[in-house]
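Visitor: Could you walk me through a few local details of this one?
Guide: Gladly, just ask as you go.

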Amino acid sequence: MRRLLVSVALAALAIPLGSTSAPARTPASTQAEAPFTFEEVMIPMRDGTKLQTVILRPRGATGKLPILLQRTPYGVPGGAPGGIPASWKYLAADGYIFVFQNMRGQFKSEGDFAMSMALNPKNSKAADEATDGWDTVDWLVKHVEGNNGKVGMWGVSYPGYAAAVALAKPHPALKAVSPQAAWNDWWMNDDLHRYGAARLSYLTDWLFSLQNNDQGNDFPYDGSDPVDTYDWFLKLGPVENLDKLYFKGSVPQLTAMIEHPDYDEFWKKQRWTQHLGVTTVPTLHVAGFWDQEDPLGTWSIYEKMEEKDPKGLNVIVAGPWAHGTWHTTGDKVGYVPIGKDAGTEFMRDIEAPFFAHWLHGKGEKPAFEARMLQSGSWEWKTYAKWPAPGATATSLYLHANGSLSFDAPAAGEACRDYVSDPANPVPFRERPISRTYPSQEWRWWEAADQRFVDHRPDVLSYVSAPLEADLTVTGALSATLMASTSGTDSDFVVKLIDVLPDDFARPPGGAIGEYPKTLNGYQWPIAMEARRGRYLKSYEKPEPLVPDQVVAWNVPLRDHDHVFKKGHRIMVQVQSSWFPMLDRNPQKFVPNIYKAKPEDFVKATQRVCSGSRVTLPVIR
């Protein structure tokens, strides 16, 4: 979706990705209908590398204006005139010089696009992504005419990371930053992995578009179009075959990933947040509760900055959004109606005022620590701190009869079991499973109705009675499975689901958007996550599981703010594959899971036993 978000914004400007104009400074456009003048420059970094940069000034503006900078690997605007994208509307009304820069090695920017987040020590003269941000800000305030000496950085996803990493070595002129859907750790739970399990289909499409070619083309899948990626990846076999048979070293990030399956120094040194010091730059973090690409990074960066924030400059906003959809005017979570235009409310009432205060000196300082658009109630909530105080950790137990309740299990309660077969893995969304881009199914798969799997023999469902009152959960959710496998390695996936009642009301006018069916009984996922058995004891040193030994599987389920409404039921689903979003676990321990042999993939009997539970932060 990253590439799509950028393309949508630039299409609204009638601007192509990757300008082909000369790298020297070009004169501003004089076309009266263009809302911005256009200028392209090559900004030198400290090591002599020059980065392609486009400067857009609002036509006819008077007085000095702040600069809003976005660094991206996805292409900068070209020189064609056009209107502004909807996501700029409220920012543009306050007046900014917009600057876009291609990161190293992308399009006309010089250097190599290494995709490394590793940073050098602060006293080092060597270049990295943080120093590129510093050098760019320094050049802009010294050379861009009509700027007021204040620079803000913002962006979603890769541009969000590029904004966030500048905080590790902030320039004095950097006065406000909004990292949105940013990341800090590609092994834990952003983009490439979920707690060490490879995000197979997405990393294939994303890394290919970034590192295999300069035009962002889609991975061809043997020329099959449309393609069922479930079938394609099943035939592919072990993950290393993707590199051996198709990429052949042309995607260095995947090659490195295959050689570094565990949480070793290759991954740890890229955890750039360890370089953050005292928070000195006002920062607005933005996260989506249904972010299908970077679910953890924003929260991790916010938490790290919160450790040293004496002036209260570090704030966070989250809502019922998928990856970056707060910059749209959507009024649904997938197909579940919200009843308001949550994206416009964010852009108008939060994002624009944040930058207006810190860069223009207009309006009040943000009067919140955490602002959440609570799902279920669809109300904005303001919290003095996050996690919000007043929540009580409450256990919701999985029972042997398939029920789900707050009552602890009776002594001697039995286990439930199923057979997990790597040759027939559980799909992560309805088949046929299309490629990531430009599929709209990818955007909202984490909110999709789970009834397509709840009767599979290798999926266990646990369901509560209808709720007698609203149940509000605010904070970090988690699950603990007391479970075993007959194999020596395994995955467990836990899904927390809000089951809509059989008489769920349609929104006014009777429309459900694109959804062709009733929402009655819709199994709406609120939180879903996986754990890989080899990493239960250590992420750094994987160990085989003891067959049939019941152990605790702790499964983080992210931060949320959600109301399960009266009359709804709560469901928990448990399964052992999530394909091809995650790579298949062979269920036999091997030293490098990406290099498993065909004979290593074996069936295993999985048991979920007494004491398994979901822990909810309940607000009473």
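Visitor: Is Tyr202 buried or exposed?
Guide: Tyr202 counts as buried because its relative accessibility is 1%, where buried means under 20% relative accessible area with a 1.4 Å probe and protein chains only. Please keep in mind that this is a predicted model, in which local features need pLDDT of at least 70, side-chain atom pairs count only at pLDDT 80 or more, and totals for chains, interfaces and linings use all residues. Residues are numbered from 1 along each chain as its sequence is written, and side-chain values use heavy atoms, with hydrogens and water left out.

Visitor: Which side chain does Tyr202 join in a polar contact?
Guide: The side chain of Glu293, at 2.9 Å; a polar contact is a pair of N or O atoms within 3.5 Å, and within protein one must be able to donate a hydrogen and the other to accept it, while residues adjacent in sequence count only if both atoms are side-chain atoms.

Visitor: And where does Tyr202 sit?
Guide: Tyr202 lies in helix α5, helices being DSSP runs of H or I with at least four residues, numbered from the N terminus.

Visitor: Switching topic, how many residues of α3 are buried?
Guide: Of its 15 residues, 11 are buried, among them Trp139 and Leu140.

Visitor: What happens at the start of α3?
Guide: There, a side-chain oxygen of Asp128 comes to within 3.0 Å of the backbone nitrogen of Ala130.

Note on methods:
Buried means under 20% relative accessible area, exposed over 50%, partly exposed in between (1.4 Å probe, protein chains only). Helices (H or I, at least four residues) and strands (E, at least two) are DSSP runs, numbered from the N terminus.
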